[in-house]
Amino acid sequence: MYQTKGSDENMVLSSEDSSSPDETECHLQLGLSLSLSPYATSSLSSRSRTSSHSHSVLTNNAPTSQVVGWPPLRAYRMNSYNSHAKSQVTEVFNSMVENSKANIAVVRKSSDNGSVDNSIIGKENRNPRTRSSLFVKVKMDGVPIGRKVDLSAHSSYETLAQSLEDMFNEPNTVLTCKVGLNGVNHGIIAGADRHSKLFDGSSNFVLTYEDKEGDWMLVGDVPWWMFISSVRRLRIMRTSEANGLDWKNRTAD
Amino acid sequence: MRDNHPPPPTSDDDHRSSSLPDLARGGQITDSSSSKTRPGPGSSSSSLPQPGSGSELQAQFPDQVLENVLENVLHFLSSRRDRNAASLVCRSWCRAEALTRSELFIGNCYAVSPRRATARFSRVRSVTVKGKPRFADFDLMPDDWGAHFAPWATALAQAYPWLEKIHLKRMSVTDEDLAVVADSFSGFRELVLVCCEGFGTRGLAAVTSKCRLLRVLEVVESLVEPVSEDEVDWVSCFPETQTHLESLVFDCVEYPVNFEALEGLVARSPGLKKLRLNRFVSMPQLYRLMLRAPQLTHLGTGSFSDSEALEQEPDYASAFAACRSLVCLSGFREIWANYLPAILPVCANLTSLNLSYADVNADQLRSVICHCRKLQILWALDSIGDEGLQAVATTCHDLRELRVFPVDAREESEGPVSEVGFEAISKGCRKLESILFFCQRMTNAAVVAMSKNCPDLLVFRLCIIGRYRPDAVTQEPMDEGFGAIVMNCRKLTRLAVSGLLTDRAFEYIGRYGKLVRTLSVAFNGDTDLALKYVLEGCPNMQKLEIRDCPFGDAALRSGLHHYYNMRFLWMSNCKLTRQACQDVARALPHLVVEVINKEDEAAVDDIELLYMYRSLDGPRDDAPQVVTILH
């Protein structure tokens, strides 16, 4: 149960930046000027983050930089501040999506003010910061120290996957995230091995999550809003260990 | 085995009998007379010889009188440092002190076992236990690293059934632990949880329902897991009768509480002085609570906004005006700036104002701060800008503590506060003792100015968000600024540095920072020399936390003479090798040396984290798999 005071934001879209030739599913191309370039530099060791303008629009709502634990602010404070920043960015994002020519299954623009009553939007200084944060733990196999990611700062699997890839930036990591869209499976590769163009379409890791019932599922099978409401924590699992997961699992409404 | 410290002196008292009635019970010391500040070599000290003939008994009377006097005098000693010193005089003083210590402070839960602590101190009424080091707050430690309260809960329940207070910081606390607390201490009065995690509403409900004499329940900056299948309405669990509540703090709890129950609770808690609400309490609800509790001195205002548009808004200012004793305001979680003037009636008496969740601009701040002449503590967001800081400097001449947090913590941002506001503060707030300042740009000149204008500084924490950023005007390193701080602020005990710093800054710290106990270093320094300066120059260093600095083995070895005097050393992502850590572990057997490697299959030498601390009881047995304890 997540205390989103206002209406939920339900936006399911799919975009992908590049695909492996081996992927048999069809890919939707979102006609946005945004692109999740796999070649966008995102380096933990670099001192400043260089990113294309378009890239930065999407990821500006991600909390701070990729340097773990810097600046030294507790996640608790990040909660509040992020709400402020992301509410502004999400509105930009919303309007861009509406202008796109994408074939989007369900788009519901939300009032970020978090209130059903639109008449109060006109009030002065109305602070749109009413979305609650949703920090969940994320652990990557082989990395001893886990992180936290604020899921409410994201509105799609793509931005989440990108954010996670930045967080656990490994030169040879490719994160695979399948997004199911009303029965149609789309292979989304977000982030990429810097050296190869998604070599073989295979990746080293898959993104999984533990739901409210304690089951581990593959991320991407259900609509985003459904995922948000049931996710407890994330695990970036080695593909070799992910065999037991039910890829076709559908969570009941 | 290398022993850096001689055992404390003993006196003739040691050979006396231990059969005297009340004092003698404390006479059995199960370990050597090692105090908490110095782990001596583990020596044995068993029971003292029994009394023999009557002549010995007669000779004991003056000692008994002395011990009685001592106990009575020691009752007045409250400072734990004084008590630690007293306990080192001789064994009988150690015994007497142990009998009279009622507040037990454990600075590192792994420095001593619960069994040992409770065995030495038998009459404790209040316990404080601290667990993880501060850098754990920033995701630099595995989640399951440790600091479990459970073994302490069990030991305390057994040893101190009369226990009244428990304060925990950065401990892992479960619902079961809280249930143990609720069940074990019939006279329990005070529970304070700061930066803790692992528990939920079930645990809180156990406390509120069973601790009938509860006066203080404070959950501060703790993670109360909201995704619990069995969420419990803990506020409703308070007894139906009048309560003894004096303080109820739950501003960090991230989901709604039963407001009706809360209102009823406040109404039947006549002693309630401190109430800090979470952001799910709206402005109109706050209004109703304030009407019920005009005696409040500390108020956390909850969201300070309204999700509905009421036709008739209550006169919020009048509610504030009715709280004549209010001296501390916080909250403002989702502030609707229009409501800010409501606090005007109390501004004149405010000594503490926390607006650090309120995105207000300079004008909005000025409108209230200009009335806050008595303000001593101010926490704010940098949204107030340099102008807002100037407004503070103009009015708040009594300010002792200032914290300025960033709204936007990204490194490439333009910040709204800078050296200009910083220097203005130094000019207006001469009595400043503690500052925490996040900014995107700073100059040596401004920091030097503060060092001269505010000589009473005890805590100086400057965080220039852009790593390796030099003086914004001269492009020089920030060495001179921080150097001036340690040089001119003679009372400084806590320092956090940032920006572009060379070894020179640390040379200054080593030379002048003689009272510094806590030092935080991140992305600074050039060579091992920097850390050597500090370890060799700062005799009072207790807590040293370092991350992402080019400090290696030579630096680590240079502190061997001092590590037993410290609470801990933290070094993450530096240039240490496993061998050096191993050498330290061998050289100092009472040090617990924990290392975590960068990755499972990484080279053994890729040390991600070195965390080491002194301990009387050796390596712990609850470390997760990623932690290796060297020996």
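Cys328(B) is buried (under 20% relative accessible area, against over 50% for exposed and partly exposed in between, with a 1.4 Å probe and protein chains only), its relative accessible area being 7%. The model is predicted, and local features need pLDDT of at least 70, side-chain atom pairs count only at pLDDT 80 or more, and totals for chains, interfaces and linings use all residues. Residues are numbered from 1 along each chain as its sequence is written, chains are lettered from A in the order in which they are written, and side-chain values use heavy atoms, leaving out hydrogens and water.

Turning to the cysteines, a search of the whole structure gives zero disulfides over all chains, a disulfide being a pair of cysteine sulfur atoms within 2.5 Å. For Cys328(B), the nearest cysteine sulfur belongs to Cys372(B), 12 Å away. Cys454(B) is likewise in no disulfide, with the sulfur of Cys429(B) nearest at 7.2 Å; Cys454(B) is buried, at 0% relative accessible area.

In chain B, the axes of helices H16 (residues 444-453) and H17 (residues 479-488) come within 7 Å and cross at roughly 5°. Axes are lines fitted to C-alpha atoms, for helices over the stretch in contact, with angles from 0 to 180 degrees between N-to-C directions. H16(B) is thus roughly parallel to H17(B), a label for angles under 35 degrees. Residues in contact (heavy atoms within 4.5 Å) include Val447(B) and Val448(B) of H16(B) and Phe482(B) and Ile485(B) of H17(B).

Strand S14 (residues 401-405) of chain B is largely enclosed by the rest of the structure, because four of its five residues are buried. Five bridges join S14(B) to the parallel strand S13 (residues 377-381) of chain B, and Leu381(B) has Phe405(B) as its bridge partner.

Key:
Helices (H or I, at least four residues) and strands (E, at least two) are DSSP runs, numbered from the N terminus. Angles under 35 degrees count as roughly parallel, over 145 as roughly antiparallel, 65 to 115 as roughly perpendicular and the rest as oblique. Two strands pair if DSSP finds at least two bridges between them.
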